[in-house]
Amino acid sequence: MLVNLITFFLAIVMLITDMHSVSPSSEQRQVATGETNLKERYDALLKKSEEYKYDQADSALLAGLELVTIAAEIDDPALAGEANRLVGRYYRDLGIYDQAIDHFYRSIDNFEKAASSENNVQIARTYHDIAWVHVNMKELAKARDMFHNSIAEYTSSDLENIMTSYHALGSFYYLDLVNYDSAVHYLKKAIHVGESLSYGIEELAEPRLELCHVLILDDKFDTANNTLSQMKSFPQDSLSNYSLAYISFLEGLMLDANGEYDQALLVFEPVYSWIQSASLEGSSTGQNLIKQMISTAYRAGQFQLAFHYLERLKELEAATIFKDRQRLTKTLEIQYETKRKEQILSTQKEQIILQERILFVSVVGLLLVGGLLVWLYRVYQRVDSKNKKIEMLMRELHHRVKNNLQVISSLLGLQSMKLEDADAQKAVAEGKERIRAMSLIHQKLYQEENVTAVNIKEYMQNLVSELSNSYGYHDKAKIIVDVPDLAMDADTTLPLGLIVNELVSNAFKYAYKDIEKPVLELKFIQENKLSKLLIKDNGKGMPVGFDLSSAQSFGLKLVNLLAKQLNGNITVRQEGGLEYLVSFAG
């Protein structure tokens with residue numbers, strides 16, 4: 001009903017507008033005689049939008065949208081093509097990919113209408129922009145087609161642009177399609193074109209280093225080593241810090257491929273330090289380096305170091321999600337501001353009509369109110385859709401972390417099969433138990449409605465049940481788990497779960513020898529903003545003079561560290577068994 005009413009009112013307003021179009025208004029006459037002023041305004045706004053794009057994406061987008069409007073008023077297809085491409089890039093940077101693609105295709109349409117000798121270059125660059133949007137959207141087949149469309153638009157004299165496109169295609173084939181043969185083909189073509197243009201060492205450093213990277217990934221180590229040796233032979237002052245860091249990273253990969261894991265880590269660490277100093281740790285380059293260091297540290301047997309980098313990677317991924325959420329919020333603000341400005345302009349024009357046609361005041365007012373209601377409803381739908389998307393991304397993150405932890409656990413299991421030393425096998429088994437405790441948290445997070453908190457009761461019950469099954473006490477021992485049904489954030493649940501894992505495992509391993517009826521009791525209490533975790537067994541207890549703070553076993557040291565992480569303390573009491581009490585604020 002509301003839509004039909006709005007349509008009716010809109011038809012009336014359009015009829016009135018047609019009546020006025022017979023005689024041009026004073027505003028229209030000013031536009032007809034002030035095209036030069038519009039061009040000057042366009043140039044000034046273009047310069048300002050270029051300044052905004054580095055740190056004020058919202059202002060850059062608003063300026064770009066105004067450029068599109070001015071170009072349409074001037075009726076210059078080349079300017080319209082330029083303005084729409086800028087807007088497309090700003091939307092792409094903000095993650096609004098559908099709008100970005102729409103403006104890029106508008107840009108191509110305008111450039112095709114413009115009478116300019118550089119049209120093919122502008123169209124080719126726009127196809128290149130569209131390709132990267134499809135990469136971000138994981139539409140890889142479309143991205144590949146757009147890259148090839150871009151190359152097809154260039155003439156044989158556009159060698160600099162052709163080299164850029166070949167380089168981009170090579171990177172795309174190995175980073176996204178994992179097609180090493182095609183990657184090598186296009187990277188070599190990029191290098192060949194660059195050499196024909198007499199490019200310097202640094203200008204060709206990146207495609208050469210990427211070619212070496214692809215060869216390493218494709219296990220073609222001899223060829224890769226030749227390329228790497230060539231890069232190392234160049235004077236260091238002819239290369240940027242980025243290129244020097246890339247060379248060191250590739251040296252580390254070669255050492256890793258040769259099984260020299262400790263040496264590889266020594267090479268990776270200064271690269272990681274440079275990545276941090278250059279504020280690139282949160283980028284895809286930084287995160288890929290951390291993933292490689294996790295893998296190398298694991299193969300080197302440096303599990304604590306691998307876990308350290310895994311924790312850092314988790315923090316960076318969480319920060320990325322937070323930034324994406326901020327970006328989405330900012331995007332909604334931009335869209336709102338754009339609509340608000342459009343509303344202001346629309347209202348000003350309507351006021352002119354209202355002054356001449358008092359009869360239609362009520363109709364126009366009702367139309368504005370109805371349109372505003374519809375617009376607000378659509379804004380609400382968009383916000384709700386964005387929130388659901390964020391929740392889905394959070395679930396996907398926890399699911400992937402859980403899967404990665406399971407992969408690590410499986411790798412530990414495979415590694416333990418090759419170990420002959422009983423102590424080493426025991427250490428690996430304990431490591432698997434700790435990973436299982438962490439994995440269980442992420443499993444709960446992606447299964448729960450609230451993706452940021454864990455049901456502590458279900459988590460503790462499942463963890464103790466799995467441990468009792470693992471040690472064969474499921475039917476032999478009386479197990480009491482008294483935990484309230486409440487949600488707890490993952491940052492608190494993770495150390496708490498690891499403490500339970502260590503102390504319950506110790507009870508099952510050592511406490512019940514010669515105990516006819518084993519009993520294990522776990523309680524969690526919250527009172528007066530103080531949380532208490534109690535774990536008690538009826539076993540034989542610890543030797544006389546035992547001091548938890550000076551315990552030598554890795555497990556008990558870990559318990560002490562985790563209690564400190566919770567800003568709490570842990571006490572031990574021996575009375576009819578062994579009783580641990582962990583107290584912390586929260």
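**Entry 1: Salt bridges**

I looked up Glu-251 and found that it forms a salt bridge with Lys-232, the closest N and O atoms being 2.7 Å apart; a salt bridge is a side-chain nitrogen of Lys or Arg within 4 Å of a carboxyl oxygen of Asp or Glu. This pair links distant parts of the chain, with Glu-251 in helix α13 (residues 241-257) and Lys-232 in helix α12 (residues 221-233), 19 residues apart. Helices are DSSP runs of H or I of at least four residues, numbered from the N terminus.

I noted that the model is predicted: local features need pLDDT of at least 70 and side-chain atom pairs pLDDT 80 or more, while totals for chains, interfaces and linings use all residues. Residues are numbered from 1 along each chain as its sequence is written, and side-chain values use heavy atoms, without hydrogens and water.

Glu-251 is partly exposed, with a relative accessible area of 24%, and Lys-232 is also partly exposed, at 48%. Buried means under 20% relative accessible area, exposed over 50%, and partly exposed in between (1.4 Å probe, protein chains only).

I then looked up Glu-195, which forms a salt bridge with Arg-208 at 3.2 Å between the closest N and O atoms. Glu-195 is in helix α10 and Arg-208 in helix α11, 13 residues apart. Glu-195 counts as partly exposed at 43% relative accessibility, whereas Arg-208 counts as buried at 10%.

A further salt bridge joins Glu-579 and Arg-573 (3.2 Å, N to O). Here Glu-579 is buried, at 14% relative accessibility, and Arg-573 is partly exposed, at 44%.

**Entry 2: Surface patches**

I found a nonpolar surface patch of about 350 Å², made by Val-369, Leu-372, Leu-373 and Leu-376. Patch residues have over 30% relative accessible area and no salt bridge; like charges are joined within 9 Å, and nonpolar side chains (Val, Leu, Ile, Met, Phe, Trp, Tyr) within 5 Å. Leu-376 lies in helix α17 (residues 361-417) and is partly exposed, with a relative accessible area of 42%.

**Entry 3: Helix α7**

Is helix α7 enclosed or open? I found that 15 of its 18 residues are buried, so α7 is largely enclosed by the rest of the structure. Just after α7, Lys-138 takes a positive phi of about 65°.

Conventions
Helix = DSSP H or I, 4+ residues; strand = E, 2+ residues; numbered from the N terminus. Areas by Shrake-Rupley, 256 points an atom, 1.4 Å probe, with all protein chains shown as cover.
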